[in-house]
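Colleague: I would like to learn how to read contacts between side chains in a model such as this one. Could we go through them together, step by step?

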Amino acid sequence: MAFDIEMIKEVYASLPAKIEAARKTLQRPLTLTEKILYSHLHQDTSLENYERGNSYVDFAPDRVAMQDATAQMALLQFMQAGKAKVAVPSTAHADHLIQAKLGASKDLQESVNQNNEVFNFLASVCNKYGIGFWKPGAGIIHQVVLENYAFPGGMMIGTDSHTVNAGGLGMIAIGVGGADAVDVMAGMAWELKMPKLIGVKLTGKLSGWSAPKDVILKVAGILTVKGGTGAVVEYFGEGALSMSCTGKGTICNMGAEIGATTSTFGYDDSMDRYLRATDRSDVADLANEVKEHLTGDPEVYANPEKYFDQVIEINLSELKPHLNGPFTPDLATVVGEMTEKATKEDWPLDVEWGLIGSCTNSSYEDLSRAASIAKQAVEKGLTTKAKFGINPGSEQVRYTAERDGLLKIFEDLDATIFTNACGPCIGQWARYSDPKNAPKNSIVHSFNRNFAKRADGNPNTHAFVTSPELVAAIAIAGRLDFNPLTDTLTNDKGEQVKLDEPTGFELPPKGFDVEDNGYQAPAEDGSHVEVVVAPDSNRLQLLEPFAQWEETDLKGMKLLIKAFGKCTTDHISMAGPWLKYRGHLDNISNNLLIGAVNAYNKETDKVKNQLTGEYGPVPATARAYKAAGIGSVVIGDENYGEGSSREHAAMEPRFLGVRAVIVKSFARIHETNLKKQGMLGLTFVNPADYDKVQEDDTIDILGLTEFAPKKNLSVVLHHKDGSSDSFEVAHTYNEAQIEWFKEGSALNLIKKQNA
């Protein structure tokens, strides 16, 4: 029996009429994306042909999901919203705060010991407000959502950029900041700019060493890390029908790495099989009754160029295994071409670690295919040249894999089985005692991101993204340029042996099984539950509202930092050891922009304090300006805020007195997060104006007293030598978002409306 089955019944009951009305309004066939979006318009939103990439639209998502690192701030905000219970089904998942070090049981216990205050806080807030809580060790949020909550044709938001994983089960699932989640949990409309549509037609069928992971690695190489910004990627074609549901999830998951709003697939037999295997036959039966509405119209897929803004075609029969990286997930290399490329770029060819897991590739199918390679190695007298680590995606996957002997196969190859959690994927990996001075090396993993320092804190670690089966093969070979299609290995008898193609199971032959899935249901009536936050806690801190706008232009602000090149949310608000402060805004703000490169000295966490003339850390400099009652400004490059949905990257600068972030272009989620926190997210009309900003500038932003949609603002740079420059900056604020700015934050407005 599925969770929230009555809600799903309601969604499906209303689907045919809503889609037919949308089809009449748009006067054409519909993509799957359009069917889901138009059937989830908020009740106060009119049905009209909204302009893609331009119109802001209010939606009513079916559910909300939060992971522990972001749930803390989301729930601290929700506690201020004045609601007794969440308005839609919601869950929180304890998966980010578990560090990988020694192995599953010891690491889990250590995490519970260190994070007990936070876990108890999350459990009590969930209990009070009607939110399901998945305890530490239950699994990674997106795998747990796929197994329990995702359903074809549904719409959900989640406080993690990889919420998009649920597209593998035919959802529109979108990563957001915590303030967006608060809107939906409080029963309010959720706003999104109507996305553009990218269609990916898949022909042929995967075989041999090629895997679903290679599809998205190929797409990332085509579109780059910002090519999907503002768009939904919809996959279709015979190739899509030939893939497993969890394989589809892998592809959708890494859509976050091309900046896509989300990705999705139409409902098919693989989704039916997965629903039934995960004890949701009731959902499958309901879906089958409306299955024509759970995929794009035939006319759309027959002539995709007429209905999508961009179309990409990939022949799966010709697709080769990929290794993407290092330092960016869109730098694609076909296996077999690595030797020449790595030698030219001076990438270390010896591989020190192979890691399988993360929300992207930790399903039973992933483990079974990788285990088939590990089993061959044992049988053929091979050992791993690299260290080997495994993170199962959920307790259900782990328990079933252990029952079926898959984990023992890995252990026979001397692999470490880590906890069912994110672990190394998000920097929760105790690999080094001093990562800043660690040596240059290469690792391969089946994760999604490979930014510098992300996995282990070492700026010299070259991380490459690939499929689980190729991770296993490369860990055995110990070489980045190992090509299992052609290369042989020397076994313990001195013989040359070749690895056979991977095999695996789409679903466990004996079905899934689990003793304790780690779920805690909330109290029916949570009014008696007390949520305690100690005043002297260094992990949790109740929030104070941000100040309202002064109703004047912003003048006399100081430049905090001019960030050079790639500046992701990892650079703005690092994870790893900082995760422990995700519920304490003051403490977490001490990592503000410490990973960003200062354009003037090309160093990190070293900026000029204009009050003293001395150089120091970014957070300390921001605090100095704040203490002096002076606002500050951050200047950035292209795709600023790429990566995670973490709203801390917007809350921290707001808390430390930053009033505006001016960049060449934004990543979608980060721009929204800045708006939600009452900040100005602005873009250069002329990108070359970025070069006019000087280190000692005092900055004015003019035009705010007439702040209006589609009306540019003006920036004046007052230089140290007495000269000045001025130029226009653009914004994407609509009337409602301008009200967030005026009130000081979206949450301030919610509180005002609820009062």
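This is a predicted model: local features need pLDDT of at least 70, side-chain atom pairs count only at pLDDT 80 or more; totals for chains, interfaces and linings use all residues.

Colleague: Which parts of the chain does the pair of Phe3 and Tyr519 tie together?

Modeller: Phe3 belongs to the segment before helix H1 (5-26), whereas Tyr519 belongs to strand E21 (residues 519-520), so the pair ties together parts that are 516 residues apart in sequence. As for accessibility, Phe3 counts as partly exposed at 25%, and Tyr519 likewise counts as partly exposed at 25%. Phe3 and Tyr519 also belong to one aromatic cluster together with Trp134 and Tyr149.

Colleague: Why is the pair of Tyr364 and Phe512 edge-to-face?

Modeller: The planes of Tyr364 and Phe512 stand at 80 degrees, with the ring centres 6.3 Å apart, so the pair is edge-to-face, given that an angle over 60 degrees is counted that way. This pair, too, links distant parts of the chain, since Tyr364 is in helix H14 (residues 364-379) and Phe512 is in the loop between strand E20 (496-497) and E21, 148 residues apart.

Colleague: Are Tyr364 and Phe512 buried or exposed?

Modeller: Tyr364 and Phe512 are both buried.

Colleague: Where does a charged end sit over a ring?

Modeller: The charged end of Lys602 sits over the ring of Phe564, at 4.6 Å from the ring centre, and the charged end of Lys626 sits over the ring of Phe655, at 4.1 Å from the ring centre.

Colleague: Turning to salt bridges, how many does the count come to?

Modeller: Side chains of opposite charge can pair when their charged atoms come close. Here the count comes to 40 salt bridges, including one between Asp346 and Lys440, in which the closest N and O atoms are 3.0 Å apart. Asp346 is in the loop between helix H13 (338-345) and strand E14 (351-356), and Lys440 is in the loop between strand E16 (416-417) and strand E17 (441-445), so this pair ties together parts that are 94 residues apart in sequence. Asp346 is partly exposed, with a relative accessible area of 48%, and Lys440 is partly exposed as well, with 42%.

Colleague: Where do Glu395 and Arg398 lie?

Modeller: Glu395 and Arg398 both lie in helix H15 (residues 395-403), where they are three residues apart, about one turn of the helix, and the closest N and O atoms of their salt bridge are 2.9 Å apart. Glu395 has a relative accessible area of 14% and is therefore buried, and Arg398 is buried at 17%.

Colleague: What does the salt bridge of Lys608 with Asp696 tie together?

Modeller: In that salt bridge the closest N and O atoms are 3.0 Å apart. Lys608 lies in strand E23 (residues 607-608) and Asp696 in the loop between strand E27 (680-684) and strand E28 (698-702), so parts that are 88 residues apart in sequence are tied together. Lys608 is buried, with a relative accessible area of 15%, and Asp696 counts as buried at 19%.

Note on methods:
Residues are numbered from 1 along each chain as its sequence is written. Side-chain values use heavy atoms; hydrogens and water are left out. Helices (H or I, at least four residues) and strands (E, at least two) are DSSP runs, numbered from the N terminus. Buried means under 20% relative accessible area, exposed over 50%, partly exposed in between (1.4 Å probe, protein chains only). Rings of Phe, Tyr and Trp (its six-membered ring) pair if their centres lie within 6.5 Å; planes under 30 degrees apart count as stacked, over 60 as edge-to-face and the rest as tilted. A charge sits over a ring if NZ of Lys or CZ of Arg is within 6 Å of the ring centre and within 35 degrees of the ring normal. A salt bridge is a side-chain nitrogen of Lys or Arg within 4 Å of a carboxyl oxygen of Asp or Glu.
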